[in-house]
Amino acid sequence: MYKLIIVEDEEIIRKGLVNTIDWLKMGFVVVGEAEDGEAGLKIIRELEPDLVITDIKMPFMDGIELSRLVK
């Protein structure tokens with residue numbers, strides 16, 4: 001199984017992504033969620049996921065900056 005983290009500031013969208021997609025069927029397990037880029041970066045460093053799905057426009061740190069730092 002691949003590890004997945006979802007970073008999205010809107011809770012309804014974040015929970016929708018987690019709960020409406022059959023991640024297990026696609027070989028993924030959601031190991032973490034974050035509501036902004038700063039929290040996402042902390043979780044990514046701790047859990048070292050295989051895939052991060054992130055929003056672009058978020059408070060504190062946007063998805064572009066998060067992607068740059070994770071790279």
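What separates R68 and E65 in helix 3 (residues 63-70)? The two residues are three positions apart in that helix, and they are therefore separated by about one helical turn. Helices here are DSSP runs of H or I with at least four residues, strands are runs of E with at least two, and both are numbered from the N terminus. The model is predicted, so that local features need pLDDT of at least 70 and side-chain atom pairs count only at pLDDT 80 or more, while totals for chains, interfaces and linings use all residues. Residues are numbered from 1 along each chain as its sequence is written, and side-chain values use heavy atoms, with hydrogens and water left out.

The side chains of R68 and E65 meet in a salt bridge, with 2.6 Å from N to O. A salt bridge is defined as a side-chain nitrogen of Lys or Arg within 4 Å of a carboxyl oxygen of Asp or Glu. R68 counts as exposed at 51% relative accessibility, whereas E65, at 28%, counts as partly exposed.

In total, the structure holds three salt bridges. R14 forms one with E33, and the closest N and O atoms of this pair are 3.3 Å apart. The pair links distant parts of the chain, since R14 belongs to helix 1 (residues 11-20) and E33 to strand 2, 19 residues apart. E33 also forms a salt bridge with K15, where the closest N and O atoms are 3.1 Å apart. Because E33 lies in strand 2 and K15 in helix 1, this pair ties together parts that are 18 residues apart in sequence.

The structure holds two aromatic pairs. Rings of Phe, Tyr and Trp (its six-membered ring) pair if their centres lie within 6.5 Å; planes under 30 degrees apart count as stacked, over 60 as edge-to-face, and the rest as tilted. Y2 and F28 form a tilted pair, 5.6 Å from centre to centre with 40° between the planes. Y2 lies in strand 1 (residues 2-7) and F28 in strand 2 (residues 28-34), so the pair ties together parts that are 26 residues apart in sequence. The rings of W23 and F28 have centres 6.2 Å apart and planes at 85°, and the pair is therefore edge-to-face. Ring pairs link Y2, W23 and F28 into a cluster. Both W23 and F28 are buried, with F28 at 17% relative accessibility.

On the surface, M1, L24, V29, V31 and L47 form a nonpolar patch with about 430 Å² of accessible area together. Accessible areas come from the Shrake-Rupley method with a 1.4 Å probe; for residues, only the protein chains shown count as cover. Patches are made of residues with over 30% relative accessible area and no salt bridge, like charges being joined within 9 Å and nonpolar side chains (Val, Leu, Ile, Met, Phe, Trp, Tyr) within 5 Å. L47 is placed in helix 2 (residues 37-47) and counts as partly exposed at 31% relative accessibility.

Conventions: Buried < 20%, exposed > 50% of the residue type's maximum accessible area, 1.4 Å probe, protein only.
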